[in-house]
Amino acid sequence: MAHGVSERRACQVLRVPRASHRYQSIRDERAALRIRLRDLAGSRIRYGYRRLCTLLRREGWPVNHKLIYRLYVEEGLILRRKGPRRRKSCRVRMERPNAMKVNDSWSMDFMSDQLYQGCRYRVLTIVDNFSRESLALRVAQRFRGEDVVKVLEEISAQRGFPKSIRVDNGPEFISKSLDWWAYFNGVKLDFSRPGKPTDNAFIESFNGKFRMECLNQHWFLTLREAQVEIDSWRADYNGYRPHSALGGRTPNEFAPCSSGPRPG
């Protein structure tokens with residue numbers, strides 16, 4: 001009656017059944033599922049709705065890809081193939097807990113350098129965020145997700161699996177190979193926000209030391225020579241170089257007695 005026309009007359013003119021006009025949806029809004037979907041999409045920003053659906057199924061949600069696609073679109077989570085110049089990074093809902101013991105949390109990243117003749121190579125760096133140990137410095141011309149998994153398997157065979165690994169959103173770290181390895185071994189992949197290196201501050205700090213104390217001090221002729229020299233630096237870093245965050249001790253000295261809190 002807001003326009004001086006009855007509901008009956010308006011529906012008759014528009015040929016709309018009054019029952020349809022009065023219908024109130026009773027569809028479940030699935031608020032809990034929407035929240036969890038937004039959380040996963042925020043932490044794994046390069047995952048589409050199908051991979052997010054797989055993750056939800058692993059957690060026990062009885063969903064199919066069609067439902068997840070509808071919620072994915074309604075929540076505005078559609079993955080843009082080409083980002084804008086000033087990208088807005090995802091938000092982390094919960095602060096990362098501090099590592100309280102060895103293997104609580106690792107960090108992983110890549111560095112790049114070149115040989116004497118100009119050939120580029122990469123170094124996979126992995127550290128324990130609690131003991132500050134350098135767990136691996138692996139040199140190769142290129143890496144795939146399968147190569148990262150092999151290095152992680154070698155480390156885990158010696159010291160066990162971590163609870164979580166902090167990584168960025170590089171193609172090697174969002175690969176299906178690493179995702180499956182983490183799932184079957186109960187390891188959480190903790191992804192950083194784009195443009196936020198402070199989300200993975202431990203590995204950034206380590207990479208800076210590695211760059212200044214090793215890579216900038218040498219010019220390698222071959223990948224083999226680079227691996228030998230880098231392994232020598234890693235042994236010195238873990239066993240001889242004092243670390244201020246560990247009370248002046250080396251990572252090898254701190255790790256065996258690391259049941260208590262780290263010194264301030």
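I began with Phe-110, whose bridge partner in β2 is Leu-124. Two notes for myself: the model is predicted, so I kept to pLDDT of at least 70 for local features and 80 or more for side-chain atom pairs, while totals for chains, interfaces and linings use all residues. Numbering starts from 1 along each chain as its sequence is written, and side-chain values use heavy atoms, without hydrogens and water.

**Strands.** I took helices (H or I, at least four residues) and strands (E, at least two) as DSSP runs, numbered from the N terminus. Strands pair if DSSP finds at least two bridges between them. I found 9 bridges joining β1 (residues 105-114) to β2, and the two run antiparallel. Their hairpin has 5 residues between the strands, and there Gly-118 takes a positive phi near 100 degrees.

Next I followed β2 to β3, also an antiparallel pair, joined by 6 bridges. Leu-124 turned up again, standing opposite Arg-138 in β3. This hairpin has 5 residues between its strands, and Arg-132 in the turn has a positive phi of about 65 degrees.

How enclosed is β2? I saw that 7 of the 9 residues of β2 (residues 120-128) are buried, so this strand is largely enclosed by the rest of the structure. I use buried for under 20% relative accessible area, exposed for over 50% and partly exposed for in between (1.4 Å probe, protein chains only).

**Cores.** A nonpolar core here is a set of buried Ala, Val, Leu, Ile, Met, Phe, Trp, Tyr and Cys residues joined through side-chain atoms within 4.5 Å. The largest has 39 residues, and Met-108, Ile-126, Leu-152, Ile-165 and Leu-178 touch the most other members. Apart from it I noted another core of 17 residues, including Leu-115 and Phe-220.

I then looked up Ile-165, setting aside neighbours within four places in sequence; its contacts (heavy atoms within 4.5 Å) include Trp-106, Met-108, Leu-152 and Trp-181.

**A helix residue.** Arg-38 sits in helix α3 (residues 31-43). I found Arg-38 partly exposed, at a relative accessible area of 29%. From its C-alpha atom to that of Leu-71, 33 residues apart along the chain, I read 9.6 Å.
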